[in-house]
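Subject: The structure I promised you

Hi,

Here is the structure for you to open alongside this note. Have a look first, and then read on for what turned up in it.

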Amino acid sequence: MRSMRQSWPWMVFVLPALVAHSGRGENPAATDRADLQGRWTIVSLTFGGMPVDFDGEDATIVIDGRKMTFPEHKKMRRQADTAWILVDPTTKPKSVDFLPESVNPDVERPEGPRAVGIYELEGDSLKICWVLAGDRPAAFESTPKTAVLVAKRIEKGATDGSDPNSPRPVPPNR
């Protein structure tokens with residue numbers, strides 16, 4: 001067996017690499033928030049068990065900082081909507097809450113309505129299942145109470161250059 005004295009040169013090279021690799025996971029929510037940043041195109045969306053047709057309509061979602069903007073959908077008579085997105089990648093499956101833009105997400109337990117869901121992020125593929133009221137879904141299943149979104153990334157990064165992990169949203173430069 002090698003002594004610590006004989007092993008230390010090896011550790012000088014390997015340990016920094018391990019620390020750098022593991023350091024990214026120190027704050028899993030910050031890591032996933034950063035990985036979610038960008039513009040996404042909707043591949044499929046079911047709402048209440050029914051597929052939503054985006055034929056001829058904008059199907060782009062933007063995640064910028066801690067906000068997510070959903071596109072207008074004229075056929076469903078839905079205006080574009082922006083919500084705070086709060087992620088918790090430490091749960092199984094990973095959980096997400098959507099808060100109205102009017103709610104302050106920086107208080108410890110923000111009050112008010114929220115949609116709760118789960119998400120899965122694999123590279124440039126994003127899947128979210130949520131309910132507007134009720135218990136958090138346990139699986140990515142389309143039911144009369146859930147919405148299931150599948151999206152592909154079309155552009156990486158925050159669109160306004162802000163830090164997605166800053167405690168307060170940074171207004172875009174005008």
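Let me begin at the surface: Ser102 counts as exposed, at 73% relative accessibility. (Exposed means over 50% relative accessible area, buried under 20%, and partly exposed in between, with a 1.4 Å probe and protein chains only.) Ser102 sits in the loop between β6 and β7 (115–122). Its C-alpha is 9.7 Å in space from that of Thr82, and the two are 20 residues apart in sequence. Helices (H or I, at least four residues) and strands (E, at least two) are DSSP runs, numbered from the N terminus.

Some ground rules before the rest. This is a predicted model, in which local features need pLDDT of at least 70 and side-chain atom pairs count only at pLDDT 80 or more, while totals for chains, interfaces and linings use all residues. Residues are numbered from 1 along each chain as its sequence is written, and side-chain values use heavy atoms, with hydrogens and water left out.

**Strands**

Strand β5 (residues 81–88) pairs with strand β4 (residues 67–70) in the antiparallel sense, over 4 bridges. (Two strands pair if DSSP finds at least two bridges between them.) In this pairing, Thr82 of β5 stands opposite Thr69. β5 also runs antiparallel to strand β6 (residues 94–100), joined to it by 6 bridges, and Leu86 has Asp97 in β6 as its bridge partner. The link from β5 to β6 is a hairpin of 5 residues.

The loop between β5 and β6 is also where you will find Pro93. A cis peptide bond joins Pro93 to Lys92, with omega at about -10°. Another backbone detail comes after helix α2 (residues 28–36): Gly38, which follows α2, has a positive phi, near 135°. For background, most residues other than glycine have a negative phi, and most peptide bonds are trans.

**The core**

Which residues touch the most other members of the largest nonpolar core? They are Ile61, Met68, Phe98, Leu126, Ile128 and Trp130, out of 26 residues in that core. (Such a core is a set of buried Ala, Val, Leu, Ile, Met, Phe, Trp, Tyr and Cys residues joined through side-chain atoms within 4.5 Å.) In soluble globular proteins, nonpolar side chains tend to be buried together.

Ile128 belongs to strand β8 (residues 125–131), and it counts as buried because its relative accessible area is 3%. Beyond its neighbours within four places in sequence, Ile128 has contacts that include Met68, Val96, Phe98, Ile118 and Leu149. (Contact means heavy atoms within 4.5 Å.) Met68, again not counting residues up to four places away, touches Ile61, Val62, Ile63 and Ile128, among others.

**Aromatic rings**

The structure holds 3 aromatic pairs. The rings of Phe70 and Trp130 have centres 6.3 Å apart and planes at 45°, so this pair is tilted. It links distant parts of the chain, with Phe70 in strand β4 and Trp130 in strand β8, 60 residues apart. Phe98 and Trp130 form an edge-to-face pair, at 5.9 Å centre to centre and 65° between the planes. Phe98 lies in strand β6 and Trp130 in strand β8, so the pair ties together parts that are 32 residues apart in sequence. (Rings of Phe, Tyr and Trp, the last by its six-membered ring, pair if their centres lie within 6.5 Å; planes under 30 degrees apart count as stacked, over 60 as edge-to-face and the rest as tilted.) Phe98 and Trp130 are both buried, and Phe70, Phe98 and Trp130 form one aromatic cluster.

Two lysines sit over rings as well. The charged end of Lys67 is 4.8 Å from the ring centre of Trp84, and Lys127 lies over the face of Phe140, 5.2 Å from the ring centre. (The test is NZ of Lys or CZ of Arg within 6 Å of the ring centre and within 35 degrees of the ring normal.)

**A buried threonine**

Finally, take a look at Thr146 in strand β9 (residues 146–156). Thr146 counts as buried because its relative accessible area is 7%. A polar atom of its side chain lies 2.8 Å from the backbone oxygen of Glu141, and the Thr146 side chain also reaches the backbone nitrogen of Thr143 at 2.9 Å. (A polar contact is a pair of N or O atoms within 3.5 Å; within protein, one must be able to donate a hydrogen and the other to accept it, and residues adjacent in sequence count only if both atoms are side-chain atoms.)

Happy browsing!
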